[in-house]
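Biologist: Can you walk me through this one? I'd like the layout, then some local detail.

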Amino acid sequence: MITVPVNLDKRSYSIYIGSGILNCLGDLIKGLNFGKKALLVSNPAVYQRYGEIVEKSLAGGGVEVIAGEIGDGEEYKTLDVAAGLYDLAFSCGLDRRCPVIALGGGVVGDLAGFIAATYMRGVPFIQVPTTLLAQVDSSVGGKVAVNHPRGKNIIGAFYQPALVLADLETLKTLPAAEIKSGLAEIIKYGVISDGGFFAWLEENLGQLLGLRAAAMEHAVETSCRIKAEVVEADETEQGLRAVLNLGHTVGHAVEALTGYKVFSHGEAVGMGMAVAARMALRMGMLPEKEAGRIISLIERAGLPAALPADFTPDEILEVMRRDKKSLEGRLTMVLPAAVGQVRIIADVTGETVKKTLETSI
Ligand SMILES: O=C(O)C(=O)C[C@@H](O)[C@H](O)[C@H](O)COP(=O)(O)O
Ligand SMILES: [Zn+2]
């Protein structure tokens, strides 16, 4: 089992990465002095596959599971669904020391984390991510949230888990689309801070698409290390952490415009990163060859690099302006300056965005 530390003073924790380690959860929890009941948030498919092994392991650690199942999909990441889980936790007598455990992908993790952050003003939180995207990105760093009808992750908090347990075995049963979605965030890490890792991805993409264990382990570990480093430097996104949002300004706009139903998060981020590369090229910030490498890797991963033709640049721009990174109406974009280096540009003009969007459809 590999351990990646996330050093945040009193909120420090470990990310455990390995194959067949789901049954270690009970032992890991033993040392944490939590309550004897846990709210296990999951969706029916994941619960059916892994619920028993997790419950058994927790029982071994002296913890009784209260199962809180939610529907599968971004549309369930809402205050209404959270309200149902608060009721369940309260009626089952969960107190302040009882953990909320997220078993599943990004939606489950974000929602469960939001409940952990708010139930009784905060209870312990454990992430057990079972998708590639959740293992490399959403389970790490403490961004928890529910969606508002007008925007993704609008209601949320920074609330760190007490531990993250990523079992690589769970990736083997994922549909190919889920793997591609996670690859978008993995490619993001190469672009934002590690040219060597990006070159490794160019070489080893086939291995990752073929779910080869050693390659997958390297990709998950490296992604977690890069994310941990950024989060340690700027936990609450006062500045630097925004680099993790590369591709998300356009990505979130596309997700919102299509009602979160047409594209996966990774597909939307793939499009967003391709737009960011084209924009940086247009602004003279990024050499053509580097932009080509970024767009080509996105496409080779099976992700779309072009925007859907259903929306005009003006429509996309309007939604982009509501992005959380925008301050006083000024659009902030994360743009690559090289493979392995990004810059946060605080005042991108609408004209530049529109021109880039026109060439991205
Ligand atoms: O952890 C972060 O910081 C990120 O930006 C990671 C993103 O990949 C992730 O999708 C995140 O949830 C987006 O956050 P938001 O603040 O743009 O809603
Ligand atoms: Zn993301």
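Predicted model: local features only at pLDDT ≥ 70, side-chain atom pairs only at ≥ 80, totals over all residues.

Modeller: One term before we start.

Biologist: Fine. Which residues are exposed on the face of helix 11 turned away from its buried side?

Modeller: Glu 288 and Lys 289 are the exposed residues there.

Biologist: And which residues of helix 11 are buried?

Modeller: Glu 290, Ala 291, Arg 293, Ile 294, Leu 297 and Ile 298. They sit on the same side of helix 11, because they cover an arc of only 160° around the axis.

Biologist: How far does helix 11 reach from its first C-alpha to its last?

Modeller: Helix 11 spans residues 288-300, 13 residues in total, and reaches 18 Å. That is close to the 18 Å expected at 1.5 Å a residue. Just after the helix, Gly 302 takes a positive phi of about 85°.

Biologist: Zoom out. How is the protein chain divided into domains?

Modeller: Domain 1 covers 2-173 and domain 2 covers 176-358. Taken over C-alpha atoms, their centres are 26 Å apart. The contact between them takes 26 residues from domain 1 and 28 residues from domain 2.

Biologist: Which elements supply the side of domain 1 that touches domain 2?

Modeller: Strand 1 (2-6), strand 2 (13-18), helix 5 (132-138) and strand 8 (151-158) each give at least two residues. Helix 5 has the largest share, with five residues.

Biologist: How do the residues on that side of domain 1 divide into nonpolar, polar and charged?

Modeller: There are 14 nonpolar, seven polar and five charged.

Biologist: New topic. Where does UniProt place the "3-dehydroquinate synthase C-terminal" domain?

Modeller: The UniProt record, an unreviewed entry, puts that feature at residues 182-326. In the model, that stretch is 67% helix and 0% strand. Its end C-alpha atoms are 26 Å apart.

Biologist: And which residues does the "3-dehydroquinate synthase N-terminal" annotation cover?

Modeller: Residues 70-180, again from an unreviewed UniProt entry. Here the chain is 34% helix and 26% strand. The end C-alpha atoms are 24 Å apart.

Biologist: Let's pick single residues. Where is Leu 244?

Modeller: Leu 244 is in the loop between helix 8 (213-233) and helix 9 (248-257).

Biologist: Buried or exposed, that Leu 244?

Modeller: Buried, because 25 other C-beta atoms lie within 10 Å. Leaving aside neighbours within four places in sequence, Leu 244 is in contact with Lys 227 and Val 230. Glu 185 is 59 residues from Leu 244 in sequence, and 8.9 Å away in space, C-alpha to C-alpha.

Biologist: Now Ile 126. Which strand is the place of Ile 126?

Modeller: Strand 6, residues 125-129. Ile 126 is buried, with 27 other C-beta atoms within 10 Å.

Biologist: What is Ile 126 in contact with, leaving aside its neighbours within four places in sequence?

Modeller: Ile 126 is in contact with Pro 99, Ile 101, Pro 161, Ala 162 and Leu 163. As for Leu 25, its C-alpha is 9.6 Å from that of Ile 126, although the two are 101 residues apart along the chain.

How values were computed: Residues numbered from 1 in each chain as written. Chains lettered and ligands numbered in written order. Helix = DSSP H or I, 4+ residues; strand = E, 2+ residues; numbered from the N terminus. Expected span 1.5 Å × (residues − 1). Buried ≥ 20, exposed ≤ 12 C-beta atoms within 10 Å, placed from the backbone. Arc of directions from axis to C-beta. Domains from an automatic or database assignment. Contact = placed C-beta atoms within 7 Å. Nonpolar A, V, L, I, M, F, W, Y, C, P; charged D, E, K, R; others polar. UniProt positions renumbered as here; feature names shortened; annotations may be inferred.
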